[in-house]
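Please look over the sequence and the structure before reading on.

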Amino acid sequence: VCSNSIYVVEKFIRSIDQGYNPSVDEVLEVSRLFGERTKKVDVVYSRYLDVFSKLIQKNCVYTDKGDLCIYSWNPRAYIRYYPLSIDATGTILLITGDGIELVAYPIHRSHDIEGHRVRIYKPSEKAIVEISRRIDGYHITFYYNPLLKKWVPATRYVLHNMRYMGKRLIVENLDEIINPYCFIADKIASEQGLYDKFKGFNGWTFSFVLKPPEPAILKPNVELYDPSDFKLYLVSARKPDGTLLTISDSGELLKWNTVPLEHVIDDDHVFEELVEKARHDLHIRSIFIRYIDDDHCRPYIVEVKSKLYPEAMAVKYMSSPKSLILLASHGLGEEAVSLLTSFGDIRAVGKEIIDMYEELYQHVSTNIDSDIVEQVLKELDIYSKLKGELTRARRKGDVGRFVRKLSILLSGETIYEARANIKKAIELFRKLGGSSR
């Protein structure tokens, strides 16, 4: 049996407020949840006030029967990895005069491979339980609400009766669903029989991802779409004792479509290839690797994010010239053009930009140590913006970075503007230094 750390800490602080005198072992155990062990109660209390006021946000609805509160990591705060931060993914507590009850414990936070001191283990070092692909959508928790006496959805940050209007939190009566993500999830659950599948699972928590028609990374307005355009995929089921089931076991249990799974890998070389591919994938936002772990509540899960996926989606859905150029700078110009819409001449213009990018690279590479580059930049009225980058490129020999910065600066807001500006730069190089072709 394991416990949600937010639940444990809130119960501990409440007991202290009521005059309880904890043992040294209790204080040590609670302090561990903050990532810093101490034997002193006042140090734990001070840390609690700091973390729960600055790093963990708490949104509550207040009723005659108690306060229903959802806890999540402040999205503006840098993520740190310790039990409290890992559990701050939409934990829901019911706080009454009689005590505190844990009513929802969604899947905990994974460790970003780019994060501080995050380690990714090879299969020979630590056995892999499961590898899954991230669906680019929104987290949805389904849990049994003891005040409403029924199953309801929540997001990672708010309950179903809450929504943000700008930076202001709007809270309505508990029996109203005003959150747009919860509204869509509730409609899908009602129409597709998901609520029927939850019968007999009171005390469990089910985590899903709501997939919109456009990638969530682009922040589409979900209220502009019909709910039938969305899909719900199961991510995990958590038992009342805190044990987190695997994705495959969760799918078998609930008989519902899960997020896609990869084949489990036990070869180190094949694993390294998978990780490298995930880092540069244009179609999958990230992969999750779950390792075997003695911690049944918070098994070690690493997320490997694609550095190029955001750019690929900006090209595909917004025809972004900046993203097109960035992908070209990684040698993926042809792939980037194929992502562009076939509407009108957009794809043809995109191909022109990729060809011009390559020519611009040749011009800069040939003339990097001459004053021709300065002359071109001055003619384009961007010398002051790129003077430091030019000096760096000459000192380090990193022409690629300079050309990428130059091209992105010239790209403007549309691919047509990008084509015209880059073409002008190339014409200046040809005029001042002769054709590189």
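## The largest nonpolar core

In this predicted model, the largest nonpolar core is made up of 46 residues. Those with the most contacts inside this core are Leu327, Ile353, Leu360, Val364, Phe402 and Leu406. Eight helices can be named as contributors of at least two residues each: α9 (309–318), α10 (321–329), α11 (333–339), α12 (346–367), α13 (372–379), α14 (383–396), α15 (399–410) and α16 (415–433). The helix that gives the most is α12, which supplies eight residues.

Setting aside residues up to four places away in sequence, Leu406 touches Leu360, Val364, Leu377, Ile382 and Leu386. Another core, of 27 residues, lies apart from the largest one. Its members include Phe12, Phe34, Leu84 and Ile100.

His139 belongs to strand β7, which covers residues 138–145. Is His139 buried or exposed? Its relative accessibility is 14%, and because residues under 20% are classed as buried, His139 counts as buried.

The side chain of His139 forms a polar contact with the side chain of Thr141, at 2.8 Å. When neighbours within four places in sequence are left aside, His139 is in contact with Thr89, Pro106, Ile107, Ala154, Thr155, Arg156, Ser207 and Phe208.

## The second largest pocket

Open space in the model can also be described. Rolling a probe the size of a water molecule over the atoms shows where empty space is left. The second largest pocket has a volume of about 620 Å³. It is lined by 24 residues, of which Tyr81, Tyr82, Ile86, His111 and Arg117 are the closest to its centre.

## The chain as a whole

The protein chain contains 16 helices and 15 strands. Its C-alpha trace spans about 85 × 50 × 50 Å along the principal axes. Of the 437 residues in the chain, 51% are buried.

Contacts within the chain can also be sorted by separation in sequence. Among those between residues at least 6 apart, 65% join residues at least 24 apart.

Terms used. Residues are numbered from 1 along each chain as its sequence is written. This is a predicted model: local features need pLDDT of at least 70, side-chain atom pairs count only at pLDDT 80 or more; totals for chains, interfaces and linings use all residues. Side-chain values use heavy atoms; hydrogens and water are left out. A nonpolar core is a set of buried Ala, Val, Leu, Ile, Met, Phe, Trp, Tyr and Cys residues joined through side-chain atoms within 4.5 Å. Buried means under 20% relative accessible area, exposed over 50%, partly exposed in between (1.4 Å probe, protein chains only). Helices (H or I, at least four residues) and strands (E, at least two) are DSSP runs, numbered from the N terminus. Contact means heavy atoms within 4.5 Å. A polar contact is a pair of N or O atoms within 3.5 Å; within protein, one must be able to donate a hydrogen and the other to accept it, and residues adjacent in sequence count only if both atoms are side-chain atoms. On a 1 Å grid over the protein atoms alone, a cavity is a set of points where a 1.4 Å probe fits but cannot get out, and a pocket is an open set with protein on both sides within 12 Å along at least five of seven lines; lining residues have an atom within 4 Å of a point. Grid points are joined across faces, edges and corners, and a volume is the space filled by probe spheres set on the points.
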